[in-house]
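Please read it beside the coordinates.

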Amino acid sequence: MNFDEMNIDPKILRGIEDMGFEEATLIQAKAIPAMLKGQDIIGQAQTGTGKTASFGIPLIQMADPSIKKTQAIILSPTRELAIQVADELRKLAKYMHGIKVLPVYGGQEITKQIRSLKGGTQIIVGTPGRIMDHLRRRTIKTEFVKTIVLDEADEMLNMGFIDDIKTILEYVPKNRQTVLFSATMPKQILDITKKFQNNAKHIKIVKKELTVPNIEQYYYDVKRYDKTEILTRLLDYYNPKLSLVFCNTKRMVDEITGELKGRGYFAEGLHGDMKQSSRDRVMKNFREGKAEILVATDVAARGIDVDDVEAVFNYDIPQDDEYYVHRIGRTGRAGRGGKAFNFVRGREVYKLKEIQRYCKTKILARQVPSAEDIEKIRAQKVLEKLAPIIEEENLSKPLSDLEEYINITDYTAMDIAAAFLRLAVEGDKASQIGEYDFSNTGAQEGMVRLFINIGRRQGVWPADILGAIAGETKIPGKLVGAIDIYDKYTFVEVPREYAADVLRAMSDVKIKGKSINIEPANKK
């Protein structure tokens, strides 16, 4: 079922779209309509089924932004889960102006929470102990509470919160809606449902046994604006024959496809808004290898069955564990090896841990390859091409030419071989970043002069330019050459071997709060 079939507020649908939820999971499809009707619910579902949105979407829709009072309380077993749930609800409520969500938990200064509560919060997410504390202090008042959600009730039972939960339920008005989610249903949880719920609808989602094929799986802790740079580095380093890049939104698919094409990669996008004829063309190109990288959403990628996919990149972490299995299972087909790379930021690492737990798999942390690593791998690829030429080709003429050149110069055969290797690597690099022309930039030998469209009038100093380049690219500041700042623009010299990396890394950077344009100084 799609979300737009559930009478959800269009403003919430925009938030859902931004988060990349293309269609409802089973628990969402059953719980959201029931909650919107005001029914009590017993939801039996494991983590990783999308249950936060199951109760979050109805809570946001039912909240009245004109009433600056607590209207819903969500109980969570841990501070980490409370923060995670609050974050997700805020994203869903992004376009619902006036709806505030606040996490409250032990370990955080209570006076700070009290100040936030005084500002008026419609939805509170908290651990039972801290919610109890606020109820006793009357800093959380329940007169306007219409719904209470017990999230991961069996976990709260295991942690000894059962008496606190019963006390909290006594505080809340009797005519409320009570929603309970639990992976298991021990007797004490069933007792709560009997005592505190009325004609509750029982929704049980049996999760499939998830198994992950024998695929190497890695993750990189990255900032949002570094993702494309890291994606291209990994593509250059591993050089997979065919790659799948998964995004959670159609808009992100278009954005990443455009960025990859702009950097000289053979990439195509695939999502639900495309015409069938366009989708067929894209898939044909991918199967035939005319497009080496396919950027897709989960729904659009259904039915992709291509044996030569050597790498899957989760540009965005999926909302459902099963989606993760479907995604990475598209590599390592027919007995071949496969790799899966996951980009996580901040608290997304908790979601990755859930995926590991339920898929019974290992996802290892990895360092992003450096510019030097990329250079080394390119040299290895060039050298790998030499053996067949040496063994199978007639090299008498080139050997004669080289012998003659060595005799009239002071260079050794090793010097000449190293120079040829450098030329070959530079040529390989240029073929992959064909849009950059580093000839005639007016720089010193071995350097490239770059143009940046800000200068003195924007308050820019050499330290700002140096800090941005060193910070974004990780190249040592001492390698950066002359920095010439004029009123409206700046020239900076960087080593030729780092120039492409600098241009890529600096494409989305701000200096002094200003978005910049950076390009080779010779660009017309």
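1. Basis. This is a predicted model, in which local features need pLDDT of at least 70 and side-chain atom pairs count only at pLDDT 80 or more, while totals for chains, interfaces and linings use all residues. Residues are numbered from 1 along each chain as its sequence is written, and side-chain values use heavy atoms, with hydrogens and water left out.

2. Confidence. The mean pLDDT (the predictor's confidence in each residue, from 0 to 100) is 86, and 94% of the residues reach at least 70. Confidence is highest in strand β2 (residues 72-75), at a mean of 97, and lowest in helix α18 (residues 413-432), at 71. Over residues 430-434 pLDDT stays under 50, and the model has nine contacts (heavy atoms within 4.5 Å) there beyond four places in sequence.

3. Overall form. The protein has 20 helices and 20 strands; these are DSSP runs, H or I of at least four residues for helices and E of at least two for strands, numbered from the N terminus. Along the principal axes, the C-alpha atoms fill a box of roughly 100 × 60 × 45 Å. Of the 524 residues, 50% are buried, where buried means under 20% relative accessible area, exposed over 50% and partly exposed in between (1.4 Å probe, protein chains only). Of the contacts with a separation of 6 or more, 75% join residues 24 or more positions apart.

4. Largest pocket. A pocket here is an open set of points on a 1 Å grid over the protein atoms alone, where a 1.4 Å probe fits, with protein on both sides within 12 Å along at least five of seven lines; lining residues have an atom within 4 Å of a point. The largest has a volume of about 1100 Å³, a volume being the space filled by probe spheres set on the points, which are joined across faces, edges and corners. Its lining holds 36 residues, and Met19, Lys91, Asn248, Arg345 and Glu348 are the closest to the centre. Helix α4 (79-92) gives the most to this lining, with five residues. By class, the lining has 18 charged residues, 12 polar and six nonpolar. Asp, Glu, Lys and Arg count as charged, Ala, Val, Leu, Ile, Met, Phe, Trp, Tyr, Cys and Pro as nonpolar, and the others, Gly among them, as polar.

5. Second largest pocket. This one holds about 660 Å³. It is lined by 31 residues, with Asp226, Ile230, Val368, Glu472 and Lys474 nearest its centre. The lining divides into 14 charged, 11 nonpolar and six polar residues.

6. Helix α6 (residues 128-137). Its buried residues are Pro128, Arg130, Ile131, Met132, His134 and Leu135. They pack against several elements, including β2, α5 (110-118) and α8 (162-171). Just after α6, Arg138 has a positive phi of about 65°.

7. Positive phi in loops. Most residues other than glycine have a negative phi. Asn199, with phi near 45°, lies in the loop between α9 (187-196) and β7 (201-204) and is exposed at 75% relative accessibility. Lys360, with phi near 50°, sits in the loop between α14 and β14 (364-365) and is exposed at 63%.
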